[in-house]
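Please examine the sequence and the three-dimensional structure shown below.

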Amino acid sequence: PDTSLFVPVPLKPGLGGSAEEDVGAELTRPLDKGEVLKNLNKFYKRKEIQRLGAENGLDARLFHQAFISFRKYIMESSSVSADLHIILNDICCGFVLLGHVDDLFPFFLRHAKQIFPMLDCMDDLRKISDLRLPPNWYPDARAIQRKIIFHAGPTNSGKTYHAIQRFLSAKSGIYCGPLKLLAHEIFQKSNDANVPCDLVTGEERVYANEDARQAPHVACTIEMCSTNTPYEVAVIDEIQMIRDPARGWAWTRALLGLCAEEIHVCGEPAAIDLVTELMYTTGEEVEVRNYKRLTPLTVLDYALESLDNLRPGDCIVCFSKNDIYSVSRQIEARGLECAVIYGSLPPGTKLEQAKKFNDPDDPCKILVATDAIGMGLNLCIRRIIFNSIVKPTVNEKGEKEIDSITTSQALQIAGRAGRFGSSFKQGEVTTMHHDDLVQLKEILSEAVPPVKAAGLHPTPEQIEMFAYHLPDATLSNLIDIFVSLSQVDGMYFVCNIDDFKFLADMIQHIPLNLRSRYVFCTAPLNRKEPFVCTTLLKFARQFSRNEPLTFDWLCRHTKWPLAAPKNIKELVHLEAVHDVFDLYLWLSYRFMDMFPDAVLVRDIQKKLDNIIQIGVCNITKLIRASQSAAVPGTAAVVSEDFPLLRTKKDARVVSDRHDAASAEALSIAVEAAGLRRAKNLRPSRLGSRQEDLKSYGRGSLANRLLREGLLTQEMLRQLESEWQDQHRNGRYGFGSKRDDQHRLKETGKKRK
């Protein structure tokens, strides 16, 4: 195990006064603390003692920590237990026949086990965290012989349609999807087909029957599926997400645990081998049904190059909100109307924007979206245009990276063009910039790597058993130790627990029982949203006082009612308030007595959804207002002429090619601003500034200068104009291709 995770339990020194502790001094004499210290240090250095420590689970790190604590305890205690006092006295007095420093070991080990209680129960902890046989966690599913059918195919191949047809014809069934939108779509489709179906998501329960009796069919988000209820048919959608670092455990749980006679699994062919292997361990065979795309998809040989070349049915895909704001503003400047869809919008707003774009009678014919369109929305798209092919990601260590999109991501997004049954009989895909098109073709031509492993997550019961053995450990520390000790087969991995730990640390100081604390830490929220995190903290504090979270309390906290947004910052805040309402509703289904006003909150959430829709419909006006007001923290939209880092190769080229240009631009900024602070932005510091550009993409340097007060919007416009004029006049020395190559070579030498 990773013993760096073992946090010592503090022990207070003995203050004396007890009869048992005073006996030692009466039988011998008071201890000479100087002699005691000398002998304790001798004890620590003994190789034999270190070996004994290792045999009892104390590696070098734990041995050192335990000794420091043991020494501190003895030196700061006014009296110690009689047996320890007598041993210490004999050692200090040099009674070789009566006492030797090695005789301290039993007392040292007892102390070590007090501050590291896990040493006494390591075997039990290893058994609890043994994750090598997940199929055995679901005895109800193992008690029946299930039939597994894998519907494999690309986007728009009809694979989910065939699975849903079987779901609708069954006497009972469950649909498990990755998104609320997908669950809601199946719920609607089922009830429209006169098949009574309930809807179950983390934040919502809708019953088909008016008396709230459970219907034989249910559509749910995958985390909410029941592994105890028997069904005739179960559908697990987007099975490739079993590899997801954060949510993969939910697909593993559904696949291994659903009690259904037939399990219909839908997803990428890349997951076939893993699903087959997993089912081999349960003794169940997999029938694979392969599907081909229903409409042709063509990768064009030319890039869009300019927004002037947009056509009705085009969808521009961006990978950041700032790019969404920038592109939509530029489209509106050309007299075109566009719909906008991105991940943090409420589901209702996404549906309304999709409806607006799909409506043949609506003047809105262009869509600007993030990869949120990859699943969950039916869209009539003729052509997908990738604004960029790099996407910010977070690696296993929690570090931000910018990397090219994967083949799986590219296929999922590109496949949205030319949907079967839409007005466009074939789909097209291209990029905004020509340089990206070559790389996009390479990405799309590569095979999707096979899914290698399925996610797992510790259950509340496992954590409770851990807590029984380690009552003084924090929940965050319990989870760390669990993952450190856990053993998994090669077909599995333990999902990322960073979000869980973040919430556990945030509410650690609030007195809650373990089960309640665990529930709060599994709440689905974005930890990058301070307002939502602060609200969870307030919810937990009020909950710990046993004070119900009422509708009035929530209205005061969120300052409801709220007005339509006047700028981007206000729109972002409204999205956060919507997430707060979601959080309340999610908790209301887990603690009904403490979050009693779910019906009222749902009503105002619908009203808020409408307010956000107004904001999104006027998004370009909000961007303009944000620019003119120079609202801190909002996106400053810069022109297309400023370099956008679209690929990792571009990032290097832009860094080299524009060092001189950036130096000139910064000197103009310094002159124009006339601010002493700007003198720090010398060309010698351009390396870090270029790293900023690499990290944040288009216009981030300009944004940063604006935020720091070194530039105004007017100065930025002037700077752009001068930069372009001077570039055209050859002032920066980019007179020829040879000059460019020479400059790149010289820059490379300097950097080396």
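Helix axes are lines fitted to C-alpha atoms over the stretch in contact, and the angles between them run from 0 to 180 degrees between N-to-C directions. Helices (H or I, at least four residues) and strands (E, at least two) are DSSP runs, numbered from the N terminus. This is a predicted model, in which local features need pLDDT of at least 70 and side-chain atom pairs count only at pLDDT 80 or more, whereas totals for chains, interfaces and linings use all residues. Residues are numbered from 1 along each chain as its sequence is written, and side-chain values use heavy atoms, with hydrogens and water left out.

Two packed helices are described by the angle between their axes and the distance between the axes. Helix H21 (residues 530-544) packs with H23 at an angle of about 30°, and their axes are 9 Å apart. Angles under 35 degrees count as roughly parallel, over 145 as roughly antiparallel, 65 to 115 as roughly perpendicular and the rest as oblique. H21 and H23 are therefore roughly parallel to each other. Their crossing is right-handed, a term used if the near helix is turned clockwise from the far one by less than a right angle.

For helix H2 (residues 33-45) and helix H4 (residues 60-76), the angle is about 165° and the axes are 11 Å apart. H2 and H4 are therefore roughly antiparallel to each other, and the crossing of H2 and H4 is right-handed.

The second largest pocket has a volume of about 990 Å³. A pocket is an open set of points on a 1 Å grid over the protein atoms alone, where a 1.4 Å probe fits, with protein on both sides within 12 Å along at least five of seven lines; lining residues have an atom within 4 Å of a point. Its volume is the space filled by probe spheres set on the points, which are joined across faces, edges and corners. Among the 39 lining residues, Thr-155, Asn-156, Ser-157, Lys-159 and Thr-160 are the closest to the centre of this pocket. H9 gives the most to the lining, with six residues. Domain 2 (146-290) and domain 3 (297-445) both contribute to the lining, so the second largest pocket lies between them; these bounds come from an automatic or database domain assignment.

Asn-156 lies in the loop between strand S1 (147-152) and H9, and has a positive phi of about 70° although it is not a glycine. In the loop between helix H22 (551-558) and helix H23 (568-588) is Pro-561, and the peptide bond from Trp-560 to Pro-561 is cis, with omega near 5°.
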